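Please read this briefing alongside the sequence and the structure shown below.

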Amino acid sequence: MVQDSVVPATRPASGILAGPYLWVTAGTCALVFLAAFESLAVTTIMPLVSRELDGAALYALAFAGPLATGVIGMVAAGNWSDRRGPTAPLYTSVALFVLGLLIAGTAASMPALVAGRLVQGLGGGALTVSLYVLVARIYPGALHPKIFAAFSAAWVIPSLVGPFAAGVVAQVFSWHWVFLGVVGLVIPALLMIAPVLKRLDSKPAGQPATPWAVGRLAWAALAAAAVLGLNLSAQVRVPGIPAAAGALAVVAVVVALLAVRPLVPRGTLTARRGLPSVILTRGLASAGFFGAEVYLPYLLIEQYAFPPTLAGLTLTAGALSWAGASAVQGRLGARLPHRRAVGIGALMVLGAVVLALATAALNWPAAVAIAGWISAGGGMGLLYPRLSVMTLALSTKENEGFNSSAMSIADSLGGALALATTGIVFAAFTTTAGSFAGVFGLAAVLAAAAAAVAPRVAAAKTP
């Protein structure tokens, strides 16, 4: 891959905190941290918001909406980055993210809050892709494992403090400040990287501008609509047609898969070797991991009488493991080949989900599932940064934006489709144990698919 670094080539790539990279690393990691913090914080305060604004009917949409509009933002930012570089998309994504925060933070009704969340999701999706392209343009390939490890840590760390901090702010001040407070932190983070953005080329020298991909944007909108439809399908009740909800869910999944095809590299859905399998592995791993993670605390509370605080610590342990494994793979660099790291990580996630399934189905001690989830976090910490590195390594300057958006779309749609489907599965069983076993069984199938595709991430000749 041709590197277009704004840092002079004579400078050694000694680390992401070295002089020429220090402020860029601080600013980009701060933006990732704030996006993650806000996501986790909203999960904590949304019950309070819903009760105050009488918005129970729109509760699910407040979460599904940003996920869906984020897909559109990812495609738009990827296309725009390929046309003109990441500078304008990054500024625009931050502006939309802040605008969404302001709308949600000043909302006096649930529809207004959901509208803010939709704008917020649009900006958040675009922000993710813009940051990945920025990494490709600024950091040399040798530093990619380290910066992506830093991104992983910046995303995981809020899981340790976000829910508690949001609860304190909402209790002492108001839930409005959970949104508004983040605004004051986003601007300084952006200012840290502004000097570097000014020096980035708008487009590759001598290359014609990439055209606007209007068709891809339309497909992204359709995929987003399908995700929303799947999330809402469980609420459909048609007199005389008991299977209406299930039929709608199947249609939504099919539409989502058809719509995503133009948004990812050719061969992604058929696991073609190289970049297509990198993207597919990312989506399947996200689906298996997050599809199970949402229900693990629920299992511990319902079947093992854990208090919510203790059940939540299980996810904290997994988050710490994720951050630790990300740091380890970053330090190992080329000593741990990409394909091996991805394969080991996928197997660790699969093993953890299978342990959760066995715990739910066979009433094994809760410690089994908890220990497994620590392994799952480690697996994600290994494979996530390496898949990001491989995506950029298998890209050219002309398609960094498209490929980065494809990876983010796989993340988003993989998790969204899994969560929506597990919700339908959970409701389909008549016993609590059966519901949990069904959910973890589906997540295990998805994790097994990720482990099966993982060996194909390396093409015959990998850069």
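Helices (H or I, at least four residues) and strands (E, at least two) are taken here as DSSP runs, numbered from the N terminus. This is a predicted model, in which local features need pLDDT of at least 70 and side-chain atom pairs count only at pLDDT 80 or more, while totals for chains, interfaces and linings use all residues. Residues are numbered from 1 along each chain as its sequence is written, and side-chain values use heavy atoms, with hydrogens and water left out.

**Overall fold**

- The protein has 16 helices and zero strands.
- Buried residues (under 20% relative accessible area, against over 50% for exposed and in between for partly exposed, with a 1.4 Å probe and protein chains only) account for 53% of the 463 residues.
- Taking contact to mean heavy atoms within 4.5 Å, 83% of the contacts between residues at least 6 apart in sequence join residues at least 24 apart.
- The protein exposes about 18,700 Å², of which carbon and sulfur atoms supply 70%; accessible areas come from the Shrake-Rupley method with a 1.4 Å probe, and for residues only the protein chains shown count as cover.

**Nonpolar cores**

- A nonpolar core is a set of buried Ala, Val, Leu, Ile, Met, Phe, Trp, Tyr and Cys residues joined through side-chain atoms within 4.5 Å, and the largest one holds 124 residues, of which L113, Y139, I147 and F440 touch the most other members.
- Helix α4 (residues 110-138) gives the most to this core, contributing 13 residues.
- Apart from this core lies another, of seven residues, including A226, A252, L417 and A420.
- Once its neighbours within four places in sequence are left aside, F440 is in contact with A292, Y295, L296, L299, V353, A356, L357 and A360.

**Helix α5**

- The 13 residues of helix α5 (residues 144-156) should span 18 Å at 1.5 Å a residue, and the end C-alpha atoms are 18 Å apart, in agreement with that value; the expected span is 1.5 Å times one less than the number of residues.
- Because 11 of its 13 residues are buried, α5 is largely enclosed by the rest of the structure; among the buried residues are H144, P145, I147, F148 and F151.

- With a salt bridge defined as a side-chain nitrogen of Lys or Arg within 4 Å of a carboxyl oxygen of Asp or Glu, the count comes to one.
- D411 forms a salt bridge with R282, the closest N and O atoms being 3.0 Å apart.
- Since D411 lies in helix α15 (residues 400-428) and R282 in helix α10 (residues 275-293), the pair ties together parts that are 129 residues apart in sequence.
- Both D411 and R282 are buried.

**Surface patch and loops**

- V168, V172, F173 and W177 make a nonpolar surface patch of about 450 Å², where patches are made of residues with over 30% relative accessible area and no salt bridge, like charges being joined within 9 Å and nonpolar side chains (Val, Leu, Ile, Met, Phe, Trp, Tyr) within 5 Å.
- F173 lies in the loop between α6 (158-172) and α7 (176-198), and is exposed, with a relative accessible area of 61%.
- A305, in the loop between α11 (296-304) and α12 (308-332), has a positive phi near 55° although not a glycine, and is exposed at 63% relative accessible area.
- N363, in the loop between α13 (338-362) and α14 (366-393), likewise is not a glycine and has a positive phi of about 60°; N363 counts as exposed at 54% relative accessibility.
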